[in-house]
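The sequence and coordinates are shown first.

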Amino acid sequence: AVDMIRFWAALLEGRIVSPETRDSMFETLYPMFDETSFYGLGTMVFEIADGRNRLLLLGQSGGAPGANAIVAYSPSDRIIVAVAINSDAPAPAVANLMLRTARDQASQPGQ
């Protein structure tokens, strides 16, 4: 999971490909399995309903029986989370919980 975060941070910062190429990876998005997941050029965009808000996450996910993973960047929170699970548990749900926890902690006084 740490390597997934390092790679994604480097990609977003323009250290893997140029900023222009990085931006083109998100220019044209195609619907995936449902109305909340889209595929770009080697990237994915996820729309997450989080209570009153609709969050956009940029990232990549995948898996196989018994393992799945996700790395996601929340532009509104400026946070990258990564989850790698050796089970059929839903990695995107765990990533969303991590983002919510980070957001809640950041909104508390003294944080």
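Which residues have the most contacts inside the largest nonpolar core? They are Phe46, Leu57, Ile70 and Val83, in a core of 13 residues. A nonpolar core is here a set of buried Ala, Val, Leu, Ile, Met, Phe, Trp, Tyr and Cys residues joined through side-chain atoms within 4.5 Å. Buried means under 20% relative accessible area, exposed over 50%, and partly exposed in between (1.4 Å probe, protein chains only).

The model is predicted: local features need pLDDT of at least 70, side-chain atom pairs count only at pLDDT 80 or more, and totals for chains, interfaces and linings use all residues. Residues are numbered from 1 along each chain as its sequence is written, and side-chain values use heavy atoms, with hydrogens and water left out.

Helices (H or I, at least four residues) and strands (E, at least two) are DSSP runs, numbered from the N terminus. A second, separate core has eleven residues, including Met25, Leu58, Val71 and Tyr73. In soluble globular proteins, nonpolar side chains tend to be buried together.

Contact means heavy atoms within 4.5 Å. Leaving aside neighbours within four places in sequence, Leu57 is in contact with Met44, Val45, Phe46, Ile48, Ala72, Tyr73, Ser74 and Leu99.

**Strand pairing**

Two strands pair if DSSP finds at least two bridges between them. β5 pairs with β4 and with β6, as tabulated below.

| Strands | Sense | Bridges | Residues between strands | Positive phi |
|---|---|---|---|---|
| β4 and β5 | antiparallel | seven bridges | two residues | Gly66, about 90 degrees |
| β5 and β6 | antiparallel | seven bridges | four residues | Arg78, near 55 degrees |

Ala69 in β5 stands opposite Gly62, and the bridge partner of Ala69 in β6 is Ala84. Six of the eight residues of β5 are buried, and the strand is thus mostly covered.

Ile79 lies in strand β6. Ile79 counts as partly exposed because its relative accessibility is 22%. Apart from neighbours within four places in sequence, Ile79 is in contact with Ala72, Tyr73, Ser74, Leu99 and Ala102.

Helix α1 (residues 2–12) has the buried residues Trp8, Ala9, Ala10, Leu11 and Leu12. Their cover includes α2, β4, β5 and β6. Just after α1, Gly14 takes a positive phi of about 80 degrees.

Arg22 lies in helix α2 (residues 19–24). Arg22 counts as buried because its relative accessibility is 15%. Beyond neighbours within four places in sequence, Arg22 is in contact with Leu11, Leu12, Glu13, Gly14 and Val17.

A cavity is a set of points, on a 1 Å grid over the protein atoms alone, where a 1.4 Å probe fits but cannot get out; lining residues have an atom within 4 Å of a point. The structure holds one cavity of 30 Å³ or more, and the largest cavity has a volume of about 30 Å³. Phe46, Ile48, Leu57, Ile70, Pro92 and Asn96 line the largest cavity, with β3 and α3 each supplying at least two residues of the lining. By class, this lining has five nonpolar, one polar and no charged residues.

Note on methods: On a 1 Å grid over the protein atoms alone, a cavity is a set of points where a 1.4 Å probe fits but cannot get out, and a pocket is an open set with protein on both sides within 12 Å along at least five of seven lines; lining residues have an atom within 4 Å of a point. Grid points are joined across faces, edges and corners, and a volume is the space filled by probe spheres set on the points. Ala, Val, Leu, Ile, Met, Phe, Trp, Tyr, Cys and Pro count as nonpolar, Asp, Glu, Lys and Arg as charged, and the others, Gly among them, as polar.
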